[in-house]
Amino acid sequence: MIDKDPYTGKHILEIRDLKKNFGNTEIIRGVNLSLNTGERHAIIGPNGAGKSTFFHLISARIQPSSGDVIFKDQSVSHLKSFEINRMGLSRSFQVTNIFHRMSVAENIRCSLLWSYGYKYSFFKFVDHLKEVNLKCEEILELIGLTARKETIASELSYAEQRSLEIGITVCGGADLILLDEPTAGMSNIETEFAIDLIKKVTKNKTLLMVEHDMSVVFKLADRISVLVYGQIIATGTPDEIHHNPLVREAYLGTHADAIA
Amino acid sequence: MKSRKLAGMSPVIPIFLCLIIAIILPLIFKSDLLLSILCEIGIMAIFALSYNMLLGQTGLLSFGHAVYYGIGAFGTIHTLNILKHHSFISISMLPLIGGLTALLLAIIFGFVSTKKSGTTFSMITLGLGEMVHSCSVLIPDFFGGEGGISGNRMIMKPDVFGISYGPQIQFYFLVLVWLIISAFFMFFITKTPLGKMANAVRDNHERAEFIGYNPQKVRFYMTVLSGFFAGISGGLTALNYEIVTAETLNAGTSGIVLLMSFVGGIGSFFGPIIGAVVITMMKIFVGGLSKAWLLYLGILFITMVLFIPGGIAGILKSQSILWSKVSPLKLIPKYLISCIPIICASLGVILVIEMTYVFLGNDTNVSQAHLMIAGLTINTSNIFPWIASVGAIVIGKKLFELYWHYSWVPLFDILDKP
């Protein structure tokens, strides 16, 4: 692994007045957010609040209408997704996004290649890249899929695919991990496993996650931001958010308006 | 396909056997026809393998791959004509010139076509293919106009080993050596970071972006490499026929290579070679028997697309998995019984095609609308032969489905149980 110096600044990610509109519809209406290096930060909010769009903007899957995303003290809003990824930002998707016709081990190995500097090489055997294969075994062990490593990814169960997705996301050694609803659609036991896994893989890293399941959020997050109707209405510790009247109102009172 | 979990037979032994056959066959049967078929197969095998680097491995459906094949052929024949006898490179290395010519073109064309994947990519390759084909009319000096460009491979000095490549058998072994070298390198590429990422981009190009790769570049490198190997096969074809016409780079040639790869099986590395063998044989043997051989090819292709998307290699793979659990000898009766409905349906198809051909070809003179086949005379203006042959197709298909369901499916079910 090429040893990248870990980022030591205070805020690994800063979002300044980020806006996005599709035609006349404003989805993100000026979001400001600073992510402390090393924290686990969750974004919650009602359906249609723009959480996934927000993620897409940070990871440059879509371009913002205005505003700026600053990652490691560098503006990245003009960069391509793969360039941001190479800087150390990795993300997962709400809908499982894996290499479905390849085996589990291949999925992980491919996700490791760039970070080990192999780029587009076509004169090296992947099987002979020792450090990649060792790291691959390590990641498989971590996500609990060692026994399934030769299985074609599309044949895994849903929860296994979600674990693989997390494995793909973290194995490149990114400093900032974005997880989009990592436990959605899981049973209780699977959710417990996923929480443990997320805790393990994000050790010494910064995590930004979107999550619907409040129990997961309260177990994992150091801080929570509430995104309602394209704006962050509150940021704070789980306790503060829990007792914040604005949040309660957004979730209980004006819920219908927020969706509209 | 649950059966994919189980490993099939290792391909090493079959490949070795095929190689021995490919070497021994022309030494035993000294037939000119056999030699020219084998040369054609070898050349098309390289071409189809290079095509599958795009279709099977990168998920790019190209409609203009013959451009690289053709330009390789033209590059080689022009080099041959320019260098003549005072050449410093030997004729056995000339296909490399074809490969390099195609590589240069692939760098330019690939830059345009690989900007997008999916349907857009296909459309761009179609457009580029047509563009080059129309150039062949506009620039007759390079493309030789209607007559093509001819050359003479004997004109060069003999090789270091004193091989002149005058006799076809010497040339055949040159093709074989190039096939082995090309196949080796193409196989090697599938095991490298680029090859693996090509699969990743095929499966999910968006995800590839979020693990640090630029999918456009992966597609580009694969196109360039694939163009290089297509150029090598083009160079061999130029030396084989000693004439290159604009036909080598038209859409028809692009279509044939797509057919070969698909019929052989795009999911397996060696599938396209099987496709090259089958389609070349069909072209020569069915083409010799019936003027409608392209119709047969079309029906074979549609049947494969609809019912056997894994191609011939896919069938072999699933059967070899079966052989690891059930003795192949015990399966022989099953194979024989399976053949009955297939033969029945095939006869129906043959009759329909031949009758259509005769019927449409003679429809001004109904009295002559008779098909002579296998010693029989069939009146195609009569409705009964039509009903009978369509019936044979329907019954054959139904019988095969029933036999498959009651006899083969339980066998595969046993495999899925641990």
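**Exercise 1. Find what share of the contacts in chain B with a separation of 6 or more comes from residues 24 or more positions apart.**

Solution. Start with the term: two residues are in contact if their C-beta atoms, placed from the backbone, lie within 7 Å. In chain B, 78% of the contacts with a separation of 6 or more are between residues 24 or more positions apart. Keep in mind that this is a predicted model, where local features need pLDDT of at least 70, side-chain atom pairs count only at pLDDT 80 or more, and totals for chains, interfaces and linings use all residues. Residues are numbered from 1 along each chain as its sequence is written, and chains are lettered from A in the order in which they are written.

**Exercise 2. Compare the radius of gyration of chain B with that of a compact globule.**

Solution. First, the radius is taken over C-alpha atoms, and the globule rule is 2.2 Å times the number of residues to the power 0.38. Next, for 418 residues the rule gives a value near 22 Å, and chain B has 23 Å, which agrees. Finally, look at the spans: the C-alpha trace of chain B covers about 65 × 60 × 45 Å along its principal axes.

**Exercise 3. Describe how helices H2(B) and H11(B) meet.**

Solution. Helices (H or I, at least four residues) are DSSP runs, numbered from the N terminus. Two packed helices are described by the angle between their axes and the distance between the axes. Axes are lines fitted to C-alpha atoms, for helices over the stretch in contact, with angles from 0 to 180 degrees between N-to-C directions.

Step one: the axes of H2 (residues 32–58) and H11 (residues 251–264) of chain B come within 9 Å and cross at roughly 75°.

Step two: angles of 65 to 115 degrees count as roughly perpendicular, and H2(B) and H11(B) are therefore roughly perpendicular to each other.

Step three: the residues that meet include Phe47(B) and Tyr51(B) from H2(B), and Val257(B) and Met260(B) from H11(B). By class, this contact has 8 nonpolar, 4 polar and no charged residues. Here Ala, Val, Leu, Ile, Met, Phe, Trp, Tyr, Cys and Pro count as nonpolar, Asp, Glu, Lys and Arg as charged, and the others, Gly among them, as polar.

**Exercise 4. Locate the domains of chain B and describe their contact.**

Solution. Domain 1 of chain B brings 6 residues to the contact and domain 2 of chain B brings 4 residues.

Definitions and conventions
Helix = DSSP H or I, 4+ residues; strand = E, 2+ residues; numbered from the N terminus. Parallel < 35°, antiparallel > 145°, perpendicular 65-115°, else oblique. Domains from an automatic or database assignment.
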